[in-house]
Amino acid sequence: MTNGHSSRTGEFVSALEQFAPRYDVRLNAPAIARLGEYYELVMDWNARLHLVAPCAPTEFATRHVLESLFVLPFLTEGARIIDVGSGAGLPIIPCLILRPSLHATLIDSSQKKTIFLREALRLIGAQDSAKVIAGRFENMLAPEAEYVTCRALDRFTEMLPQLVEWAPDSSRLLLFTKEALGKQLENLSLDFKGLLLPDTERRFLFIVKK
């Protein structure tokens, strides 16, 4: 590891340890080490794939990783999850690191990003519990699952009705997005609750019951 990598990873790890309690996340040493490896992988691929907007290590730790892990209390042990628009693997890769019993299907429309996602799953040792599909969710049948997660979807508000319709019957959708989506969920007469994400004013986790 180069000095540059070591410095930024050290800052990332420090931020994880400092801010995890705000997100009600408990991290042990192996999980922190694995999250650090995942962070380095994202940074190494980011320049060519634009997985996430450029950000400091502390912001990646809080805005991306800890926000993703905020969803863990709402996932049952051993659950099957479909992650739509996986991109950099958020929220699902951090969740798989902390909860290895989860089974996930990662869907992304970018073939290049699915190559990254497979490498990330290999890095964290989740090749047997997770798979990656290249394509748009609306062009495929939804796999069987208890949960659908989504954190970054093009035209999220516009695609929301289609995503809800597509999701497996009796599943729960866990959607990371801005307050405006809540108004659309109300318009669709869906049973949902919105939780304000820590240290934010406008970003929510919406838990939607289909």
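Reader: At about what angle does H7 run to E5?

Author: Helices (H or I, at least four residues) and strands (E, at least two) are DSSP runs, numbered from the N terminus. Helix H7 lies across strand E5 (172-178), E6 and strand E7 (203-209). Axes are lines fitted to C-alpha atoms, for helices over the stretch in contact (heavy atoms within 4.5 Å), and angles run from 0 to 180 degrees between N-to-C directions. H7 runs to E5 at about 140 degrees.

Reader: What kind of model is this?

Author: Residues are numbered from 1 along each chain as its sequence is written, and side-chain values use heavy atoms, without hydrogens and water. Local features need pLDDT of at least 70, side-chain atom pairs count only at pLDDT 80 or more, and totals for chains, interfaces and linings use all residues, as the model is predicted.

Reader: How far apart are the axes of H6 and H7?

Author: Two packed helices are described by the angle between their axes and the distance between the axes. H6 (residues 156-166) and H7 (residues 180-187) pack at about 35 degrees. Their axes are apart by 10 Å.

Reader: Which residues of H7 make the contact with H6?

Author: H6 contributes Phe-156, Thr-157, Leu-160 and Pro-161. The contact residues divide into five nonpolar (Ala, Val, Leu, Ile, Met, Phe, Trp, Tyr, Cys and Pro), two polar (the others, Gly among them) and no charged (Asp, Glu, Lys and Arg). H7 contributes Leu-181, Gln-184 and Leu-185.

Reader: Which strands stand at the edges of the sheet?

Author: The open sheet has seven strands with mixed pairing, in the order E3-E2-E1-E4-E5-E7-E6. Two strands pair if DSSP finds at least two bridges between them. An edge strand has a single partner strand, so one side is left without a neighbour in the sheet. The edges are strand E3 (130-134) and strand E6 (191-196).

Reader: Which residue of E2 stands opposite Ile-81?

Author: Strand E1 (residues 80-84) and E2 pair in the parallel sense, over five bridges. Opposite Ile-81 stands Ala-104.

Reader: Is Thr-105 buried or exposed?

Author: Thr-105 sits in strand E2 (residues 103-108). Beyond four places in sequence, Thr-105 touches residues including Ile-81, Lys-131 and Pro-143. Buried means under 20% relative accessible area, exposed over 50%, partly exposed in between (1.4 Å probe, protein chains only). At 8% relative accessibility, Thr-105 is therefore buried.

Reader: What separates the C-alpha atoms of Leu-121 and Ile-93?

Author: Leu-121 lies in helix H5 (residues 111-124) and is buried at 3% relative accessibility. Its contacts beyond four places include Ile-93, Leu-96 and Val-132. Leu-121 and Ile-93 are 28 residues apart along the chain, with their C-alpha atoms separated by 7.4 Å.
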